[in-house]
Amino acid sequence: MPSLRDYRDRIKSVKSTRKITSAMKMVAASKLRRTQEQAQAAQPYAHAMAGMLARVSGNYNENSDNAPKLLVGTGKDEKHLLVVVTADRGLCAGFNAYIIKETLTQIADLESKGKEVSLICIGRKGFTALSRKHEEKIVHYFDDVLGRDRVEYAKSNKVAKMVLSMFDDGEFDVCSMVYNKFMSVLVQRPSVMQLIPFELEKTSEAEGASQESTRFEEETGYFYPYSYEPSEDEILNALLPRNVGVQIFSGLLDSAAGEQAARMTAMDNATRNAGDMINNLTLQYNRARQAYITKELIEIISGAEAL
Amino acid sequence: MIGTEIQFELISPEKKLVSETVYLAEIPGDKGMFGVLPGHSSMLVSLGVGVVRLHKTKGDDDVKKIFISGGFADVTGTSCTVLAEEAIAVSDLDQASLEQRLSDLQEDLKLAEEMADKQRIREEINMTKSKLFAITGY
């Protein structure tokens with residue numbers, strides 16, 4: 001049976017653990033707020049970009065001769081590139097593990113169909129885990145894209161530039177990004193977003209933008225068809241690569257917010273568990289102390305009776 | 001009825017930088033400057049490097065100047081949205097440090113050996129020159 005002193009030591013150590021986890025929780029909470037603000041601030045650009053793209057790319061389909069490759073693809077589906085986004089640090093529950101699992105599933109899935117897979121890693125955790133099993137597939141590891149506090153567009157753009165130059169060199173046909181989509185503070189969903197060829201979503205923003213212009217036309221009675229300068233093709237060709245950058249950036253922001261949210265929840269749980277453990281240990285400690293006192297009393301009484 | 005002002009917005013990937021109503025926005029298009037007045041026809045324009053100039057009211061001398069390094073503009077009769085990857089108010093540009101940077105870069109260019117490096121430095125030199133021109137040229 002552990003002595004009273006053992007109990008006291010254990011309670012002390014759990015208490016200090018609880019202090020650490022609750023501090024980490026508070027740090028994560030404040031970082032979460034900051035990353036969420038950042039994600040919100042980045043939305044107008046992404047929306048405006050999506051609106052423009054929807055407007056320009058509507059006229060293209062796979063059969064157009066001059067459609068850019070970024071939009072319709074290379075016509076093949078042989079080589080896949082996965083951009084895997086995890087966090088640099090752990091202690092955030094399943095956050096990294098889910099992404100790694102999702103990536104492994106994707107790799108297995110693609111390989112079973114006879115496709116070639118290569119990887120770009122962002123975030124140390126994903127890189128170390130994946131390099132154990134699939135080192136030969138990792139073409140690049142970005143270790144400086146995720147800032148300590150904030151994601152910078154200039155840095156995330158480096159990833160986009162690399163992806164685009166690989167695409168120009170014909171090193172892959174399809175590029176997707178595996179990342180944690182921020183659903184709410186409690187839920188981050190591992191998601192796969194296709195970057196190249198660009199998948200046009202019928203976003204409500206795009207429709208909103210076109211509605212706005214028709215409203216103007218109705219109010220004024222003027223009707224202007226949209227004109228493009230220099231030309232529709234050139235604008236589309238300029239928009240698409242930038243859009244890859246924007247999508248990667250928004251993925252990184254989602255992941256950054258998700259990481260902090262996951263850490264906050266994990267640390268909240270850890271703090272609560274530590275509290276439960278302390279209660280338990282204190283109970284056991286009190287029992288042991290009581291038992292010790294009773295034992296001493298019995299000894300004294302039986303000693304007195306023996307006289 | 002055409003209004004007397006347009007809603008001008010300047011957005012960078014990281015945040016919305018400017019959102020205000022203006023009478024006239026002069027914008028550096030790829031193929032030259034153009035002005036946007038209320039009731040402009042709808043268009044999508046790709047932008048070059050240059051300075052966006054905002055006039056709050058008609059005949060306003062107090063012009064707000066913002067340097068952008070290219071991007072896109074979505075113009076309708078009531079609004080003008082500019083997407084720019086890099087945007088900085090001309091008043092925030094510092095001539096002395098830009099000139100210093102320019103001479104540093106030219107130094108770098110002489111030392112650079114690889115083609116890719118040279119290309120990158122040349123691009124940066126052009127960008128710095130454009131910024132300097134934005135201060136002195138207007």
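Mentor: Helices (H or I, at least four residues) and strands (E, at least two) are DSSP runs, numbered from the N terminus. This is a predicted model, where local features need pLDDT of at least 70 and side-chain atom pairs count only at pLDDT 80 or more, while totals for chains, interfaces and linings use all residues. Residues are numbered from 1 along each chain as its sequence is written, and chains are lettered from A and ligands numbered from 1 in the order in which they are written.

Trainee: OK. At what angle do H1 and H7 of chain A pack?

Mentor: About 160°, with the axes of H1 (residues 4-57) and H7 (residues 232-306) of chain A 6 Å apart. That makes H1(A) roughly antiparallel to H7(A), since angles over 145 degrees get that name, under 35 is roughly parallel, 65 to 115 is roughly perpendicular and the rest is oblique. Axes are lines fitted to C-alpha atoms, for helices over the stretch in contact, and angles run from 0 to 180 degrees between N-to-C directions.

Trainee: And is the crossing of H1(A) with H7(A) left-handed or right-handed?

Mentor: Left-handed. By class, 35 nonpolar, 14 polar and 11 charged residues make up the contact of H1(A) with H7(A). Ala, Val, Leu, Ile, Met, Phe, Trp, Tyr, Cys and Pro count as nonpolar, Asp, Glu, Lys and Arg as charged, and the others, Gly among them, as polar.

Trainee: What about the sheet in chain A, what order do its strands have?

Mentor: S3-S2-S1-S4-S5, an open sheet of 5 strands with mixed pairing. At its edges are S3 (138-142) and S5 of chain A, each pairing on one side only. From one strand to the next the twist averages 20°. S4 (residues 174-182) of chain A runs antiparallel to S5(A), with 8 bridges joining them; strands pair if DSSP finds at least two bridges between them. A:Cys175, for instance, stands opposite A:Ile196 in S5(A).

Trainee: Which helix packs on that sheet?

Mentor: H5 (residues 153-168) of chain A does, touching S1, S2 (116-122), S3, S4 and S5 of chain A, and its direction makes about 175° with that of S1(A). H7(A) also lies across S1, S4 and S5 of chain A, at about 30° to S4(A). Contact here has C-beta atoms, placed from the backbone, within 7 Å.

Trainee: Switching topic: where are the cis peptide bonds?

Mentor: One joins A:Ile196 and A:Pro197, with omega about -10°, and A:Pro197 sits in the loop between S5 (188-196) and H6 of chain A. Another joins A:Glu229 and A:Pro230, with omega about 0°; A:Pro230 is in the loop between S6 and H7 of chain A. Most residues other than glycine have a negative phi, and most peptide bonds are trans. On the phi side, A:Leu91 has a positive value of about 55° without being a glycine. Look for A:Leu91 in the loop between S1 (79-85) and H3 (95-112) of chain A.

Trainee: Now chain B. How many residues of chain A are in contact with it?

Mentor: 26 residues of chain A, with 25 residues of chain B. H1, H6 (204-220), S6 (227-229) and H7 of chain A each supply at least two residues of the chain A side. H1(A) gives the largest share of that side, 9 residues. By class, the side has 19 nonpolar, 3 polar and 4 charged residues.

Trainee: Which strand of chain B does S6(A) join?

Mentor: S5 (residues 43-55) of chain B; the two run parallel, with 3 bridges. A:Glu229 has B:Val45 as its bridge partner in S5(B).

Trainee: What else does S5(B) pair with?

Mentor: S3 (residues 24-29) of chain B pairs with S5(B) in the antiparallel sense over 4 bridges, and there B:Leu24 stands opposite B:His55. S5(B) also runs antiparallel to S6(B), joined by 11 bridges, with B:Lys65 the bridge partner of B:Arg53.

Trainee: And chain B overall?

Mentor: Chain B has 2 helices and 8 strands, running β-β-β-β-β-β-β-β-α-α from the N terminus on. Chain B is divided into domain 1 (6-90) and domain 2 (94-136), with bounds from an automatic or database domain assignment. The C-alpha centres of domain 1 and domain 2 of chain B lie 26 Å apart, and each gives 5 residues to their contact.

Key. A crossing is left-handed if the near helix is turned anticlockwise from the far one by less than a right angle, and right-handed if clockwise. Two residues are in contact if their C-beta atoms, placed from the backbone, lie within 7 Å.
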